[in-house]
Amino acid sequence: MAPKTSKQFAEIRQKSQEKIEAAALELFAEQGFHSTSITAIAKAAGISKGLLYNYYESKEALLHQIIDRSMGDGEELMDAFLNADIPPFQKVAGVIEGAIQMIINDPHHWKLMTS
């Protein structure tokens with residue numbers, strides 16, 4: 001078996017981070033940030049606690065990453081409609097409909113963001 005390339009390592013790292021963030025998001029939404037332990041997040045993600053700390057220096061850093069991604073998703077949604085060549089009413093309606101769809105698609109995320 002050939003050694004992994006840097007691209008393969010980057011893909012593995014990305015998938016691990018996504019798995020950790022998804023597990024943390026679900027637990028934070030269900031139990032609250034303060035009631036969720038790093039151990040519980042690692043267990044839910046199916047990884048060791050040490051590996052989690054390899055990616056995030058703390059539970060707070062993990063939460064900040066989740067929030068940063070959320071803010072980025074919201075900015076992308078807003079930019080898509082606000083920069084579109086459509087009437088203002090359609091821009092506002094598009095942003096609202098997009099936000100509602102995001103809530104429907106990922107209720108754990110929005111439960112955390114509004115708590």
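Student: How much space lies in the largest pocket?
Tutor: This is a predicted model, in which local features need pLDDT of at least 70 and side-chain atom pairs count only at pLDDT 80 or more, whereas totals for chains, interfaces and linings use all residues. A pocket is an open set of points, on a 1 Å grid over the protein atoms alone, where a 1.4 Å probe fits and protein lies on both sides within 12 Å along at least five of seven lines; its lining residues have an atom within 4 Å of a point. With volume taken as the space filled by probe spheres set on the points, the largest pocket comes to about 290 Å³.

Student: Which residues of the lining lie nearest the centre of the largest pocket?
Tutor: Residues are numbered from 1 along each chain as its sequence is written, and side-chain values use heavy atoms, with hydrogens and water left out. Helices H1 (6–31), H4 (59–82), H5 and H6 (107–114), taken as DSSP runs of H or I with at least four residues, each supply at least two residues of the lining. The lining has five nonpolar, three polar and five charged residues, and of its 13 residues, those nearest the centre are Leu 25, Arg 69, Asp 73, Asp 106 and His 109.

Student: Arg 69 forms a salt bridge with which residue?
Tutor: A salt bridge needs a side-chain nitrogen of Lys or Arg within 4 Å of a carboxyl oxygen of Asp or Glu, and the count by this rule comes to one. In that pair the closest N and O atoms are 2.7 Å apart, and it links distant parts of the chain, 48 residues apart, from Arg 69 in helix H4 to a partner in helix H1. The partner of Arg 69 is Glu 21.

Student: Is Glu 21 buried or exposed?
Tutor: Residues under 20% relative accessible area are buried, those over 50% exposed, and those in between partly exposed. Arg 69, at 32%, is therefore partly exposed. Glu 21 has a relative accessible area of 8%, so Glu 21 is buried.

Student: How far apart are the C-alpha atoms of Leu 62 and Ser 35?
Tutor: Leu 62 is found in helix H4 and is buried, because its relative accessible area is 0%. Along the chain, Leu 62 and Ser 35 are 27 residues apart, and their C-alpha atoms are separated by 15 Å.

Student: How far apart in space are Ala 93 and Leu 77, C-alpha to C-alpha?
Tutor: Ala 93 is found in helix H5 and, with a relative accessible area of 22%, is partly exposed. In sequence Ala 93 and Leu 77 are 16 residues apart, and their C-alpha separation in space is 12 Å.

Terms used. Nonpolar A, V, L, I, M, F, W, Y, C, P; charged D, E, K, R; others polar. Buried < 20%, exposed > 50% of the residue type's maximum accessible area, 1.4 Å probe, protein only.
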